[in-house]
Amino acid sequence: MRITDRYIQREFFERPVLEVAEDLLGKTVVCKKGRTIIEGMIMEVEAYDGPEDKACHASKGCTQRTKVLFGPAGHWYVYLVYGMHWMLNIVTGNEGYPAAVLIREAGEWNGPGKITKAFGIDKHFNGKTATEETGLWIEDRGVIIPKYSIERTARIGVDYAGEWAKKPYRFCLLQNKK
DNA sequence: ACGATGATGAAC
DNA sequence: TTCATCATCGTA
């Protein structure tokens, strides 16, 4: 099978962020640098939904940092937190509506900061498209995730967001949980 | 339980 | 031009 047959196109991301987040579970992130390919199946994500969502960076408005969120779907939003960790998000929904999915766990990497470290992702992926050209994209390998194996909880590290902090916008695969 | 570490946005 | 804050992680 050719990569173009299974790599996820923009239309997939041009939907409400909660749908996209849930559907991303079981998909595979692929990073290609030269002859090196690193990949991991997505096992945990969080949705950040629009200007009203106090946990979403776009609630501060459209700024130099957040402008990618307001742009078209299917682009990477990458930014630094805590002075040392890059966060990898994929922009969703219609252009002009700021929303994105944070990839928190993929393959053997159980943390958003670990994924970007393992993949070698930093700010120069910010604003790039999720395609073969940029070397970072998402594929559908045909893994089916039944509803009963998906757990929804509140998002991590967003206690400051008031009511929005309680919304069940985090999606995890039920497995290996202790 | 906590420190590392720097971009960001808001206040001044 | 400061200042508090932060979508985390490793060490203890």
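Me: What makes Y79 a polar contact of DNA strand C?

Reply: This is a predicted model, where local features need pLDDT of at least 70, side-chain atom pairs count only at pLDDT 80 or more, and totals for chains, interfaces and linings use all residues. Residues are numbered from 1 along each chain as its sequence is written, chains are lettered from A and ligands numbered from 1 in the order in which they are written, and side-chain values use heavy atoms, leaving out hydrogens and water. A polar side-chain atom of Y79 is 3.0 Å from a base nitrogen of DNA strand C. A polar contact is a pair of N or O atoms within 3.5 Å, so the pair qualifies.

Me: Which atom of DNA strand C does the side chain of H57 approach?

Reply: An N or O atom in the H57 side chain lies 2.9 Å from a base nitrogen of DNA strand C.

Me: Why is the pair of F12 and F13 called edge-to-face?

Reply: The ring centres are 5.1 Å apart and the planes 80° apart. Rings of Phe, Tyr and Trp (its six-membered ring) pair if their centres lie within 6.5 Å; planes under 30 degrees apart are stacked, over 60 edge-to-face and the rest tilted, so this pair is edge-to-face. Both F12 and F13 are buried.

Technical notes: Buried < 20%, exposed > 50% of the residue type's maximum accessible area, 1.4 Å probe, protein only. Polar contact = N/O pair within 3.5 Å; in protein donor to acceptor, adjacent residues only side chain to side chain.
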